[in-house]
Structures are given as C-alpha cells and as structure tokens.
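Subject: Structure for your files

Hello,

Here is the structure I said I would send. Please look it over first; my notes on what was found follow below.

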Amino acid sequence: MSIRLRLTLLYSAILAVTLIAFSTTLYVTQTQATYNGIKANLMRQVSFFTNNGERSPGPPPDQNTGVPAPDQSSAGSPPVGDLPSGTLPGRWTQTRSITGTVTGQTLDLSGANLPLSDAGLHTVQAGSGWFETAQVQEEPLLIYSTQVTTRAGVNEIVQVAFPVAQPQQTLNTLRLILVAGSSLAILVAFALGWVLAGMALRPIQRLTHTAQTIGAERNFRRRVEYHGPTDEVGQLAMTFNDMLGELESGYLQLEDALQSQRRFVADASHELRTPLTTVRGNIELLRRDPPLDAVERSEVLTDTTDEVDRLIRLVNQLLVLARADAGQTLRGEVVPLASVLTEVCRRARLMAPQHTIVCEPPPDLVVQGNRDALIQVLLILVDNAHVHTAPGAAITLSASLAADHATISVRDTGPGILPDALPHIFERFYRGEVSRTGSGAGLGLSIARELVEAQGGAITVASEPGHGSTFSVTLPVAATSTAAGV
C-alpha cells in the first residue's frame, strides 16, 4: 500500500469518525428535543383536560389509609366523567378507573382503546406518570398516562396521546440526510485527499525518479528540481541535492583514484618488463653454444647486474609507495636539521662527485618528523638534481625558519621544468620531456611527497626553464619543551 493511499485513508477515516460522531450527536439531540416537546405538550394537555373536566392531578396517597386526600377547593361540581354518553372533550384522550377499566374517551378514538401495559398501570397507580408508544388504528402514538382525582375525591387514570408519525418521518428524513450527506462528504474528502496527497508527495516522487535515473545512468550531476516552500519536503529535496553533490565529488575522486591505479599498474608493468626482458635476453646469450668470449661474457654479466640493481631499486620504491598507500604512519621525533643536512651532504658528495655540493646547515633548528625518512627525501631530491644538472654545476642544500615551520631547500642550476609539467612532477611514473632519456622510473618525487606528507609536512617546487629548480620541504618546528626532553 502506497503512502499516498495510506494518507488518504487516514484522512478519510478521521473525517468519517468526526462526521459519524457529529451526525449521531445531532440526531440524538434532535430526537430527544422532539420527544421532550411532545411529552411536554401531553402533560399540558392533561392539565387542560383536568381543569376543564373538573379534575385535578391526584395528590399522593395518605400515609395511613393509602387513599388520596380529596381536593376541597372544588367540592360539589359534577365530574365530566359521569356524562351518560361516556364521551370526553378534546382529542386522543381516554379515562380509566384506578383499576384500569376504560370509563371514557374522545370521539376520534372511534372505540379503539389507548393501551396501558401492566407495568404502566402499576406505575400510574403508584402516583407516577407513564409514557409508552403503541399502534392505534395503524397510527403510531405516544401515550401519556397519569392519575388524577375528581372533585368527588375519586381517583382515576387519564391517558392522552399524540400521533408521532410526522415527527418520526421528520427524524427519518434527518437521519437520511445525515447518512447521505456524511457519505458524500467522505467520498468527496477521499477524492480531494487523494489529489492533495499526490500534490504533496510529488517532490518525493521526483526524488525517487531522480534516484532511479542516477542509478541507471550513473550520472551524479543530476539534481532534483524543487521550487516549493522550504517545508519538510523542501528540506528533503535540498538534503538530497546536497547528498548528490557529495556523491558526485566522491565518485569523481574514485574515478581519479581508479584511473591513477590503472595508470600505476600499467607503468609499473612497463618499468618491470624492460629490465626483466633485458635480464632474460642476457641469460639466453650466456647459454649460447658456442659460448661467448671472455670480454663479451663480462659485458653481459655487467649489464645483467645493472638491470638486477635497477629491479631492486624499483621494487624498493614500489614497496615504499605501497606502505604509504596502506596508511602506515612514521614515528615522530625531534630532528636537528644541522646533523641531517651534514649527513645528506656527505652522501651527496659520494653520489655525485662530479658536482659541487654546497651545504648551508642551520646552527640551532629542530623539526618534528622522522630522521630516516627526511634523509631519504633529501637524497631523492639531490639525486633528481644530480640527474638534471650538468657536471661541475652546484647543488645547494639550505634551511630557514618562518613562523612555526622550517623550510629545507634543494636548489640546482639545471635546465628547469616546463610550466606544463610542473603540476605532474609528483605523480607516479611521470617523467618530463627533459628526463625521458634518464634511467629513473619516475617514482622518486612521488615517494618524496608521500614521505613528507606522512611527517605532517609539504613539498613544493619552483622552477623557471633555463634557470634551474628549487624543491622545498616544509616541516613543523619542534616545541622547545619537547626538544629539551629529548
């Protein structure tokens, strides 16, 4: 069952209960008012008959004898009930003896008696009035019976009646109107409720349609069009659109990550395939019959060793990147930059003896990081500068302090980096046009960035073609208290 149908049924049920309660209350109230008015008229009719027929309502019986006390105010007047014909004045009136025998009636009864049940007789004999309904001459009557006392002190019963066919017809008509009107109102309310529920739920239907379309097309750029008020449905639409924005951003990031992963796998396969192919080819040469001479054999073995070393370096670099991707954190410590730069410069002179290594270590500057990782980053930057700088040129390592961060710079005087290549040099397996002929796999700068970011720092590059490049590593400065505790 749809929520639209449930809302419509609930609204219609509430309206139906309200209309039934109102109609029932109205009908019962009108019925009581009608019959109360008839009863009041019957009681006035008894009083009129008594006054004109020289009777009076019976006083309560004497506590000793049980006989009602006579009314002395009108003694001596002849009772109307003693007429020889037994005919009474008025309409729908009948008299009975205290024992219940009919003693007189009006002409309109035409000899038909107004009934009095045994229970009514006992009630009237006890001095109370009694109302009952009966069919007389196929006419529904409301009969009122009560005890009166004549001027002669005789107790008798007076019965007056009123035809209730017309009031009953009026009440039946009222009941029919209430039933028909309530039913029609419920049907109209159901139809209007269905329409209004559909209008209220239309934005939700659009949400559903949009979600289905997005699921089918995988198009997270779509949005729900809503131009209504900012009510609950409007807030739902805005929240859904915000969620779509987040999904679109996440989906684009996932696509970029998958694309980078595919590119990484392809580049890694390519980089591994080349040395493996070379090694395999060299092994086949060594297995030739007749065998190679000693000089050629030595050259093949040297080439094989170089390729194996290249494979080892590449695998080690891939392992570093894999650890970074796995979210492995580096142990933080207080690192004095003077000793780190001195160690890096010593290794750099061994790594690139044909270059001039200029080292400018700061005297008292400590950072928060990891010593081994920082040395590895700086050696990667020195190696990158060594590859792209002509022999005899200078490579400068320096450090400076700015606010709460320290910056370590590695500057070379090489050909620089083209502006188009600057945004990509830290990507995995990326090698600019200038370095295409190099033997590197394009992983060094990617590893440097991963290691720096793992220490809570950042790495940037500034370069101008023909004027060299400067790589800068920024790390947070260690607190004085922390340094003192080391």
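Two notes on the source. This is a predicted model, in which local features need pLDDT of at least 70 and side-chain atom pairs count only at pLDDT 80 or more, while totals for chains, interfaces and linings use all residues. Residues are numbered from 1 along each chain as its sequence is written, and side-chain values use heavy atoms, with hydrogens and water left out.

Helix α2

Helix α2 covers residues 118-125, and its buried residues are G120, L121 and V124. Seen down the axis of α2, these fall within an arc of 100°, so they line one face of the helix; the arc is that of the directions from the helix axis to the C-beta atoms. The buried residues pack against β4 (130-136), β5 (139-150) and β6 (155-163), where contact means heavy atoms within 4.5 Å. Helices (H or I, at least four residues) and strands (E, at least two) are DSSP runs, numbered from the N terminus. Just after α2, G127 has a positive phi of about 100°.

Aromatic pairs

There are 2 aromatic pairs in the structure. Rings of Phe, Tyr and Trp (its six-membered ring) pair if their centres lie within 6.5 Å; planes under 30 degrees apart count as stacked, over 60 as edge-to-face and the rest as tilted.

F131 and Y144 have ring centres 4.5 Å apart and planes at 25°, so this pair is stacked. It links distant parts of the chain, with F131 in strand β4 and Y144 in strand β5, 13 residues apart. F131 is partly exposed, at a relative accessible area of 26%, whereas Y144 is buried, at 9%.

F426 and F471 form an edge-to-face pair, 6.3 Å centre to centre with 85° between the planes. F426 lies in the loop between β11 (405-411) and α8 (444-454), and F471 in strand β13 (residues 469-476), so the pair ties together parts that are 45 residues apart in sequence. Both F426 and F471 are buried.

Helix α3

V188 is in helix α3 (residues 165-217). V188 is partly exposed, with a relative accessible area of 40%.

Regards

Note on methods. Buried < 20%, exposed > 50% of the residue type's maximum accessible area, 1.4 Å probe, protein only.
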